[in-house]
Amino acid sequence: MSLAELERSLQELSHGDEALRTVQAFAQDLSRNERVQLFNASGALVRFPIHYEAAVAQGVIADTEDEFVLLQGDIIRTDAAYLLGERLVGRSYAIVNSTCDLVPGRREYALLLPLHPILRTESSAKAQLGELLSFRSNRRMYLPPLPGDSSDVVGNAIVFDGVAGIRMDDAILAERVASLSLVGWRIFGSHLRGVLTRAGESEATLRRAFTESS
């Protein structure tokens, strides 16, 4: 296979946005109340943290596999995260790194996306929920109220704008609030791909022209 053939085979796999469009189309077929009931249902998008010991005990994975303490997309609370050198306090985050990179000793740092709680007292709460539950925005992803949230929280948004960092040693000590469900993880991955690697045709044309000219 030539490099040109490899590039063609990767076109839809590496930079496409079909996955996120599929999520949006699914939400569009539901009424607002149906979206709330569906995505807020127990285990729909989030669940209690998944632990290595439980996975081994249930035979989901073999005890010879790497022992994980965190999973990609896990929601954690910590005061040890930093954004542009500033320490952030009293925040919750979703973990960006792939699960295989979260094994102790494999990486020194992890990337985090901050969560923004939506309060029922906010004048824009209804509008925010409407946008999030339709998954129209690629800058934020909806999550339901989480364990430990105050009664004023009607939802949460994972914010894909401003990545924080944390030492892995500190991330391991953070409070694990929840793990994403399978579909929650798929949607999270669709957003990550859309924000971090989405490419328009003009960008591909630009790079192709300079590749061919060289």
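**Confidence, spaces and a helix pair**

Author: This is a predicted model. Helix α1 (residues 3-14) has the lowest mean pLDDT among the elements of the protein chain, at 70. Strand β2 (residues 75-78) has the highest, at 98. The protein chain averages a pLDDT of 90. Of its residues, 96% score at least 70.

Rolling a probe the size of a water molecule over the atoms shows where empty space is left. A search of the whole structure turns up one cavity of 30 Å³ or more. The largest cavity holds about 30 Å³ of space. Its lining includes Gly16, Asp17, Glu18, Ala19 and Leu20. Ser190, Arg193 and Gly194 also line the largest cavity. Two helices each supply at least two residues of this lining: α2 (18-28) and α7 (182-196). By type, the lining of the largest cavity divides into two nonpolar, three polar and three charged residues.

Next, an open space. The second largest pocket holds about 380 Å³. It is lined by 18 residues. Nearest its centre lie Ile50, Phe68, Leu71, Ser179 and Leu180. Helix α7 returns here: α4 (52-57), β10 (175-180) and α7 each supply at least two residues of the lining of the second largest pocket. That lining divides into eleven nonpolar residues, six polar and one charged.

Last, the helix pair. Two packed helices are described by the angle between their axes and the distance between the axes. Helix α3 (residues 32-40) packs with helix α5 (residues 125-134) at an angle of about 70 degrees. Their axes are 10 Å apart. The two helices, α3 and α5, are therefore roughly perpendicular to each other. From α3, the contact uses Arg32, Arg35, Val36 and Phe39. From α5 come Lys126, Leu129, Gly130, Leu133 and Ser134. The residues of this contact of α3 with α5 divide into four nonpolar, two polar and three charged.

How values were computed
Residues numbered from 1 in each chain as written. Predicted model: local features only at pLDDT ≥ 70, side-chain atom pairs only at ≥ 80, totals over all residues. Heavy atoms only, no water. Axes fitted to C-alpha atoms, helices over the stretch in contact; angles between N-to-C directions. Helix = DSSP H or I, 4+ residues; strand = E, 2+ residues; numbered from the N terminus. Parallel < 35°, antiparallel > 145°, perpendicular 65-115°, else oblique. Contact = heavy atoms within 4.5 Å. Nonpolar A, V, L, I, M, F, W, Y, C, P; charged D, E, K, R; others polar. 1 Å grid on protein atoms, 1.4 Å probe; cavity = no way out; pocket = protein on both sides within 12 Å on 5 of 7 lines; lining within 4 Å. Points joined across faces, edges and corners; volume = space filled by probe spheres on them. pLDDT = per-residue confidence, 0-100.
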